[in-house]
Amino acid sequence: MSIKHHISDDFLIDYASGSLAEGWSLAVASHLALCPECRRRLAIMEGAAGALLDKAEQNGSEDQAWSRFKARTADIRVEEVKPGQAASRPATAVLPEPLRSYVGGDLADLKWRALGRGAYQILIDTKDKETQVRLLRIPAGKPVPEHTHEGRELTLVLAGSFRDGDDLFARGDLEEADGDLLHTPTATEGEDCICLAVTEAPLKFSSWIVRLVQPILKI
Ligand SMILES: [Zn+2]
């Protein structure tokens with residue numbers, strides 16, 4: 001089954017120029033590892049940016065964004081399986097790089113923590129304070145729990161699938177949502193859904209009273 005939901009131009013351009021926070025970059029890079037189409041789009045952007053830079057250099061101006069861009073695109077590890085190589089790849093390799101390195105292994109190595117109502121999560125540490133990154137395991141047929149947040153959200157499906165409205169998201173599909181959109185992703189029947197979810201980090205309030213009630217109000 002081919003991937004139907006891809007990285008938006010905004011995210012891809014920010015990723016290429018190195019201006020995305022680490023959490024968002026992890027979701028984008030993991031999608032790229034699974035999606036030849038978006039790797040092609042990135043290559044086209046790279047070509048266009050190179051042509052623009054050549055023009056800029058002729059005009060005597062320099063742009064550091066280009067070197068960041070090159071460094072970023074060189075990082076992408078391509079995991080396309082060529083027909084002859086399929087047998088040598090472990091059948092259990094569900095997590096693409098760079099995600100697999102972040103969590104220190106593949107699905108079998110993960111230490112899930114119960115979220116309640118049959119769902120599990122693993123929080124993933126990054127150095128950026130802007131995002132919250134987690135793996136979620138949603139039981140078949142159940143909605144994604146605790147789904148109240150503000151700001152942008154990227155969800156990459158790694159196993160199983162979920163429905164959101166009329167859209168079906170399966171392995172490799174990336175859903176981009178923002179806080180204005182009221183949505184209830186629900187795992188499809190028959191198989192648990194495992195996905196990488198990146199959201200904007202919860203607001204940090206300075207008042208200790210607000211900090212105290214924050215987990216209760218889930219704001
Ligand atoms: Zn794609």
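Okay, the zinc site. In this predicted model, the zinc ion is held by H6 through ND1, H31 through NE2, and C35 and C38 through their SG atoms, at 2.1 to 2.3 Å. Donors here are N, O and S atoms within 2.8 Å of the metal (3.2 Å for Na, K and Ca), and water is not among the atoms, so sites may look incomplete. The angles between the four donor atoms run from 97 to 124 degrees, which makes the arrangement tetrahedral. The rule for that word is four donors with all angles between 85 and 135 degrees.

Along the chain, the donors of the zinc ion follow the spacing H-x24-H-x3-C-x2-C. H6 sits in the segment before α1 and H31 in helix α2, 25 residues apart, so to speak a link between distant parts of the chain.

A quick word on conventions. Residues are numbered from 1 along each chain as its sequence is written, and side-chain values use heavy atoms, with hydrogens and water left out. Since this is a predicted model, local features need pLDDT of at least 70 and side-chain atom pairs count only at pLDDT 80 or more, while totals for chains, interfaces and linings use all residues.

Now the helices. Helices are DSSP runs of H or I with at least four residues, strands are runs of E with at least two, and both are numbered from the N terminus.

Start with α2, residues 22-34, and α3: their axes come within 6 Å and cross at roughly 110 degrees. Axes are lines fitted to C-alpha atoms, for helices over the stretch in contact, and angles run from 0 to 180 degrees between N-to-C directions. α2 and α3 are therefore roughly perpendicular (65 to 115 degrees; under 35 is roughly parallel, over 145 roughly antiparallel, the rest oblique). On the α2 side the contact (heavy atoms within 4.5 Å) uses H31, L32, A33 and L34, and on the α3 side P36, C38, R39 and L42. By class that contact has six nonpolar, one polar and one charged residues. Nonpolar covers Ala, Val, Leu, Ile, Met, Phe, Trp, Tyr, Cys and Pro, charged covers Asp, Glu, Lys and Arg, and the others, Gly among them, are polar.

Next, α1, residues 9-16, against α3, residues 36-58: the axes come within 11 Å and cross at roughly 60 degrees. That makes α1 oblique to α3. Here D9, L12, I13, Y15 and A16 in α1 meet C38, R41, L42 and M45 in α3. Those residues divide into seven nonpolar, no polar and two charged.

And α1 with α2? They pack at about 100 degrees, with axes 10 Å apart. That makes α1 roughly perpendicular to α2. F11, L12 and Y15 of α1 touch W24, S25, V28, A29 and L32 of α2, and the classes come out at seven nonpolar, one polar and no charged.

Most residues other than glycine have a negative phi, and most peptide bonds are trans. The E97 to P98 bond, though, is cis, with omega near 5 degrees, and P98 lies in the loop between α4 (65-74) and α5 (99-103). R117 has a positive phi, near 55 degrees, in the loop between β1 (113-116) and β2 (119-124).

Last stop, W112, in the loop between α5 and β1. Leaving out residues up to four places away in sequence, W112 touches Y120, Q121, I122, L135, L136, R137 and I194.

How values were computed:
Tetrahedral: all angles 85-135°; square planar, octahedral: opposite > 155°, others 65-115°.
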